[in-house]
Amino acid sequence: MTSVKDQIAEINQKPRSFITVLAEPTTACNLGCEYCYKGRNKNKIFMSKETTERMLSEVIYYNEGKKLPSSFVWHGGEPTIMGSAYYKGVYKYIKELECTEPINHTVQTNGTLLTDELIDLFVENGTSISVSLDGPEYYHNKMRPYLDGKPTYNQIMENLSKAKQKGLQIGILMSISNENLHWIKDMFQYCRENKFTFGLNPITDDLHADHKSMVKPENYLAACLEAFDLWFYQKEYSIQANPGWGVTSLLLSKGDLSDCSMSENCQMHFISIGPEGDVYPCNRFYGIEQYKFGNINEASLKDILVCNKRKYLLDRCSEKIEACKSCSIAKYCNGGCFHHAVVHNGSHGCPVNC
């Protein structure tokens, strides 16, 4: 594991301006999480082989044309529901494209369906995973049960142990409510002991669902500060942890490189593609027509990215948000997540949690 100092030194070496795709191969999920941003009643739609290959080729060739790498974050739904055969097809097709630039894959998973075959496949192809784990057993099972209400914690821990032994690169994502704040240190230590990366994600209202466990802004701020100190003051060896890593990369890259929620404008770097090929600014907007950019089966990515809806969203910046003009830290948070702004304020042009 590299030190925090080494991690920071690497920040400005990373290429910028490539498009990262939140690829959603299915809307189906085997869990019934209390706070799912898609709500509890999900349709079961699966991405076809044709749409998958169209998405891969359009994204990769777009980035390669700029001599930039490509990055796919496989999301959902639960992406591992697609099974090993699907991902074998993904890797096989990419090899056929004879790419010259790096291609990175991360799978955001609930961790319950990580078979030996999937783990081996991910290791072989340099794919990392990020697993949702919200705290100790009883709390995690309360928040993230199977659809029938049965607990998931033990299966996830068994799969994590197996994946670690096989050398899979693993990150843990902890969704923060008002109830699990006091377990941040324990979760961080668990990740550090296992050399997993660690991240926090606030539970907030969404366009598809509202949540009784939504974290208060002041509580999330306290959680972020605690996580930052845990990350920054590590000794001997270190793991990456967000939001500390994201905030530091934002500062040292002069605003060019950061997590989506704090970047100058997330639309410069991220899009989401759903199972039917529909393209959105983010997977949080999936199925909402007014935010749909187009369909990858019907137009090239190059044409989709110059659509009027995306141009409108690209115009968002803290300098144009009235409430941000007099704020001393606006150049760092850039007005925050515009999805949260839409949900809480009815407009993407408003800041949140100030």
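1. Buried means under 20% relative accessible area, exposed means over 50%, and partly exposed lies in between (1.4 Å probe, protein chains only). By this definition F338, H339, H340, A341 and V342 are buried in helix α13 (residues 338–345). Helices (H or I, at least four residues) and strands (E, at least two) are DSSP runs, numbered from the N terminus. The cover over the buried residues of α13 includes α11 (308–314), where contact means heavy atoms within 4.5 Å. Just after α13, G346 takes a positive phi of about 80°.

2. This is a predicted model, in which local features need pLDDT of at least 70 and side-chain atom pairs count only at pLDDT 80 or more, while totals for chains, interfaces and linings use all residues. Residues are numbered from 1 along each chain as its sequence is written, and side-chain values use heavy atoms, with hydrogens and water left out.

3. Some totals for the chain come next. The secondary structure comes to 13 helices and 10 strands. Of the 354 residues in the chain, 55% are buried. Among contacts between residues at least 6 apart in sequence, 67% join residues at least 24 apart. The chain exposes about 16600 Å², and carbon and sulfur atoms supply 51% of that area. Accessible areas come from the Shrake-Rupley method with a 1.4 Å probe; for residues, only the protein chains shown count as cover.

4. The sheet is open and has 10 strands, in the order β7-β6-β5-β4-β3-β2-β1-β8-β9-β10, with mixed pairing. Two strands pair if DSSP finds at least two bridges between them. The edge strands are β7 (241–242) and β10 (294–295), each of which pairs on one side only. Helix α2 (residues 49–64) packs on the sheet and touches β1, β2, β3 (103–109) and β8. The direction of α2 makes about 145° with that of β2. Axes are lines fitted to C-alpha atoms, for helices over the stretch in contact, and angles run from 0 to 180 degrees between N-to-C directions.

5. Strand β1 (residues 20–23) is covered on both faces: T20 and L22 on one side, and V21 and A23 on the other, are all buried. Four bridges join β1 to strand β2 (residues 70–74), and the two run parallel. Strand β8 (residues 270–273) is also parallel to β1 and joined to it by four bridges. V21 stands opposite F72 in β2 and opposite I271 in β8. A23 stands opposite I273 in β8.

6. Two packed helices are described by the angle between their axes and the distance between the axes. Helix α7 (residues 184–194) and helix α8 (residues 217–232) pack at an angle of about 35°, with their axes 10 Å apart. The crossing of α7 and α8 is right-handed, meaning that the near helix is turned clockwise from the far one by less than a right angle. I184, K185 and F188 of α7 make the contact with A223, E226, A227, L230 and W231 of α8. These residues divide into six nonpolar, no polar and two charged. Ala, Val, Leu, Ile, Met, Phe, Trp, Tyr, Cys and Pro count as nonpolar, Asp, Glu, Lys and Arg as charged, and the others, Gly among them, as polar.

7. The loop between β2 and α3 (83–96) holds T80. Is T80 buried or exposed? T80 counts as buried because its relative accessibility is 4%. Leaving aside residues up to four places away in sequence, T80 touches Y87, V107, T109, L113, L114 and L118. G77 is found in the loop between β2 and α3 as well. A cis peptide bond joins G76 and G77, with omega about 15°.

8. A cis peptide bond also joins N242 and P243, with omega about 20°. P243 lies in the loop between β7 and α9 (244–252).

9. E98 is exposed, with a relative accessible area of 67%. K195 is partly exposed, with a relative accessible area of 42%.
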